[in-house]
Amino acid sequence: MLLLLLVADTTHSFRQHMQMSIDGDMVPNILQLSDYDKILKDPFGISIITHNAKYNNPNRFFCHWFQVNYFLSFPNFLQQWVTPIDSVYYSIAFLKTAIQLALLFVLACFIRPNTKFWSLEFLLAALLITPFFQTFGYNQQIGIIDQSVTYDIFYCLPYLFLLLFFLPIYNALRVRPTKDISNAVFIFLLLCALVCAFSGPLNLGAAPVIALAIIVHSILVRIKQKEKINIFKLLPPKIFVAIIFLGICCGYSLILNSISGTMAEDIPPVGERYYRLFIGIGKFVASHIALPWLLIFILLNGILFKFFKIENLTNGILQLFKWVLICCLIYLFLLPLGGYRSYRPYIIRFDTFMPVTIALLWLFGISTIVLIEHIKTRKKYFYYFVVTYTLIWFTQTDKLADSAYDCEKKMLNEIAQSEENIVKLSDNCCVVSWQPYYDYRQSENSALLLMKWNIITEKKLYYCDKK
């Protein structure tokens with residue numbers, strides 16, 4: 001039954017992702033415009049250090065490499081079964097659904113470590129957090145999968161690798177603090193560290209915070225046990241080396257970004273950025289009820305742990321609450337140092353908040369499951385009702401919605417079927433862009449991408465008539 005519910009939700013999510021239009025960042029990224037080709041030729045920004053080269057996104061090689069290779073191959077592969085236009089939308093939906101499932105799977109592994117994937121416990125953990133993956137609904141507050149596939153590649157996908165990096169470490173230290181990882185897992189962590197450091201922007205803030213928390217926690221454990229502190233023996237050797245390697249890679253990546261980064265020239269002073277963050281957090285939390293509801297539920301779970309006095313678990317869960325809260329606050333405190341953009345004036349937004357959202361889902365999932373398993377009184381039925389109501393409520397808010405997809409797809413068909421070299425579109429909407437093109441010359445690069453996708457066989461420019 002639980003598996004059927006997960007399959008039904010995944011199918012619903014795929015239908016939602018099929019409604020997404022082709023975002024405007026796909027054109028310059030896939031065609032490697034605006035010096036993006038330099039990133040693919042110099043994955044680790046060596047020329048920036050040795051020759052003082054300058055270009056945007058020097059530390060996001062894996063995101064650019066993946067987007068170029070995926071969208072220049074997978075749509076063409078799908079064209080064996082569907083039309084060229086449909087192949088693009090299917091490619092977007094497949095990728096977004098795959099990232100969503102992978103994140104769901106990894107989060108369930110954190111909630112129920114060392115359980116079999118087909119077990120009732122694992123499926124229940126996955127089902128508990130599934131409704132919070134909002135495609136429409138409350139996407140602009142607790143969204144994890146962005147409505148733009150480019151943002152998914154630059155935000156969600158890199159953060160997935162960060163979670164994959166820390167998952168084996170979490171499992172090893174949770175079972176036995178002195179337990180080390182195997183050689184195969186160690187190599188896997190080194191590869192994940194490279195991807196984490198040279199991908200999306202979120203990892204450079206979140207990775208050091210999590211790594212530092214693990215080290216500080218190990219130090220505090222040694223102090224509590226009155227043991228001698230040796231920095232090189234705080235953690236098992238391979239885990240320690242992997243974390244240090246991640247820190248070195250992130251540090252180098254930050255240096256590249258500071259030399260040849262993407263920060264706006266008119267960036268406000270640091271003090272103003274922190275003021276904007278403070279105002280932005282208030283606006284963000286108050287924008288919808290989803291985040292307050294999630295926070296209140298986690299707080300309720302913490303109170304119930306104390307109330308029911310669940311032996312051997314209360315202190316551990318509450319300690320986890322404390323450490324996750326500290327990490328989230330430090331991460332938010334670091335945001336103004338690199339999270340400002342003109343389109344994100346208050347710095348905090350659902351995309352930059354995503355690491356906190358994922359941390360909150362982890363707390364919600366692990367605390368809810370423990371309470372479900374250990375509340376023995378009749379009051380458990382009221383708790384079951386509250387949990388069930390919450391999951392149903394979040395699920396029903398995330399409905400299919402009207403989007404620009406229908407108009408864009410209709411216009412793409414007009415362009416493909418037109419015999420003109422310059423096509424005047426019958427409707428005013430974005431077509432492979434962030435804004436409608438009112439000058440046909442603006443569509444030149446978009447037309448090149450349409451040719452690569454076999455939507456058109458020869459170059460056709462297009463424009464909308466101002467209304």
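One aromatic cluster brings together F132, Y138, W293, F297, F364, Y383, F385, Y389, W393 and F394. The structure, a predicted model, holds 34 aromatic pairs. A search of the whole structure also finds 2 cavities of 30 Å³ or more. The largest pocket holds about 1600 Å³ of space.

This is a predicted model, in which local features need pLDDT of at least 70, side-chain atom pairs count only at pLDDT 80 or more, and totals for chains, interfaces and linings use all residues. Residues are numbered from 1 along each chain as its sequence is written, and side-chain values use heavy atoms, with hydrogens and water left out.

**Aromatic pairs**

- Rings of Phe, Tyr and Trp (its six-membered ring) pair if their centres lie within 6.5 Å; planes under 30 degrees apart count as stacked, over 60 as edge-to-face and the rest as tilted.
- F132 and F364 form an edge-to-face pair, 5.0 Å centre to centre with 70 degrees between the planes.
- This pair links distant parts of the chain, 232 residues apart: F132 sits in the loop between α8 and α9, F364 in helix α17. Helices (H or I, at least four residues) and strands (E, at least two) are DSSP runs, numbered from the N terminus.
- F132 is buried at a relative accessible area of 2%. F364 is buried at 0%. Buried means under 20% relative accessible area, exposed over 50%, partly exposed in between (1.4 Å probe, protein chains only).
- Y151 and Y155 form a stacked pair, 5.3 Å centre to centre with 15 degrees between the planes.
- Both Y151 and Y155 lie in helix α10, 4 residues apart, about one turn of the helix.
- Y151 is buried at 15% relative accessible area, and Y155 is buried at 9%.

- Helix α8 has 7 of its 10 residues buried, so it is largely enclosed by the rest of the structure.
- The buried residues of α8 are F122, L123, A125, A126, L127, L128 and I129.
- The cover over these buried residues includes α1, α7, α17 and α18. Contact here means heavy atoms within 4.5 Å.
- T130 is found in the loop between α8 (120–129) and α9 (139–142).
- T130 is buried, with a relative accessible area of 3%.
- A polar atom of the T130 side chain lies 2.6 Å from the backbone oxygen of A126. A polar contact is a pair of N or O atoms within 3.5 Å; within protein, one must be able to donate a hydrogen and the other to accept it, and residues adjacent in sequence count only if both atoms are side-chain atoms.
- T130 touches L6, D9 and L104, not counting residues up to four places away in sequence.

**Cavities**

- On a 1 Å grid over the protein atoms alone, a cavity is a set of points where a 1.4 Å probe fits but cannot get out, and a pocket is an open set with protein on both sides within 12 Å along at least five of seven lines; lining residues have an atom within 4 Å of a point.
- Grid points are joined across faces, edges and corners, and a volume is the space filled by probe spheres set on the points.
- The largest cavity holds about 50 Å³ of space.
- Its lining is D9, H12, S13, T130, P131, F133, Q134, F394, T395 and D398. The elements that give two or more residues to this lining are α1 (2–17) and α18 (379–397).
- The largest share of the lining of the largest cavity, 3 residues, comes from α1.
- The lining of the largest cavity has 3 nonpolar, 5 polar and 2 charged residues. Ala, Val, Leu, Ile, Met, Phe, Trp, Tyr, Cys and Pro count as nonpolar, Asp, Glu, Lys and Arg as charged, and the others, Gly among them, as polar.
- The second largest cavity holds about 30 Å³ of space.
- L6, D9, T10, Q100, L101, L104, T130 and F133 line the second largest cavity.
- At least two residues of that lining come from each of α1 and α7 (84–111).

**The largest pocket**

- Its lining has 48 residues, of which Y170, R174, H217, L320 and W362 lie nearest the centre.
- Helix α17 gives the most to this lining, with 10 residues.
- The lining of the largest pocket divides into 35 nonpolar, 8 polar and 5 charged residues.
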